[in-house]
Amino acid sequence: MDIWTRLRTVFQREILANWLMVSFIILTSVGAAMVYPPLGLIVGGLACGVFGFLLGLE
């Protein structure tokens, strides 16, 4: 497989949106956990719930 076709498949809208949602959940959880560790779990759970709700609406 050519590198350009691989990049086109990675940068498709659906795949890129999923990667950005996962990275948002992980990075906000880690950032909140730096302040207060239980808060990181709460933020991660809320972010998963919100994105799960949004994906369920489609």
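Student: In which helix is the place of Ser-29?

Tutor: This is a predicted model, where local features need pLDDT of at least 70, side-chain atom pairs count only at pLDDT 80 or more, and totals for chains, interfaces and linings use all residues. Residues are numbered from 1 along each chain as its sequence is written, and side-chain values use heavy atoms, with hydrogens and water left out. Helices are DSSP runs (H or I, at least four residues), numbered from the N terminus. By that rule, Ser-29 sits in helix α2.

Student: Is Ser-29 buried or exposed?

Tutor: Buried means under 20% relative accessible area, exposed means over 50%, and partly exposed is in between (1.4 Å probe, protein chains only). Ser-29 has a relative accessible area of 16%, so it is buried.

Student: Which residues does Ser-29 touch, not counting residues up to four places away in sequence?

Tutor: Contact means heavy atoms within 4.5 Å. With residues up to four places away in sequence left out, Ser-29 touches Gly-40, Val-43 and Gly-44.

Student: Against which element do the buried residues of α3 pack?

Tutor: The buried residues of α3 are Gly-40, Gly-44, Ala-47 and Phe-51. They cover an arc of only 70 degrees around the axis, so they lie on the same side of α3. The arc is that of the directions from the helix axis to the C-beta atoms. These buried residues pack against α2.

Student: Which residues are exposed on the other side of α3?

Tutor: An α-helix has 3.6 residues a turn, so residues three or four places apart point the same way. On the other side of α3, the exposed residues are Leu-41, Leu-46, Phe-53, Gly-56 and Leu-57.

Student: How many Å apart are the end C-alpha atoms of α3?

Tutor: The expected span of a helix is 1.5 Å times one less than its number of residues. The 21 residues of α3 should therefore span 30 Å. The model agrees, with its end C-alpha atoms separated by 31 Å.

Student: What is the relative accessible area of Pro-38?

Tutor: Pro-38 is found in helix α3. Pro-38 counts as partly exposed, because its relative accessible area is 39%.

Student: How many Å separate the C-alpha atoms of Pro-38 and Ile-26?

Tutor: Pro-38 and Ile-26 are 12 residues apart along the chain. Their C-alpha atoms are separated by 14 Å.

Student: What is the relative accessible area of Ile-42?

Tutor: Ile-42 lies in helix α3. Ile-42 is partly exposed, because its relative accessible area is 48%.

Key: Helix = DSSP H or I, 4+ residues; strand = E, 2+ residues; numbered from the N terminus.
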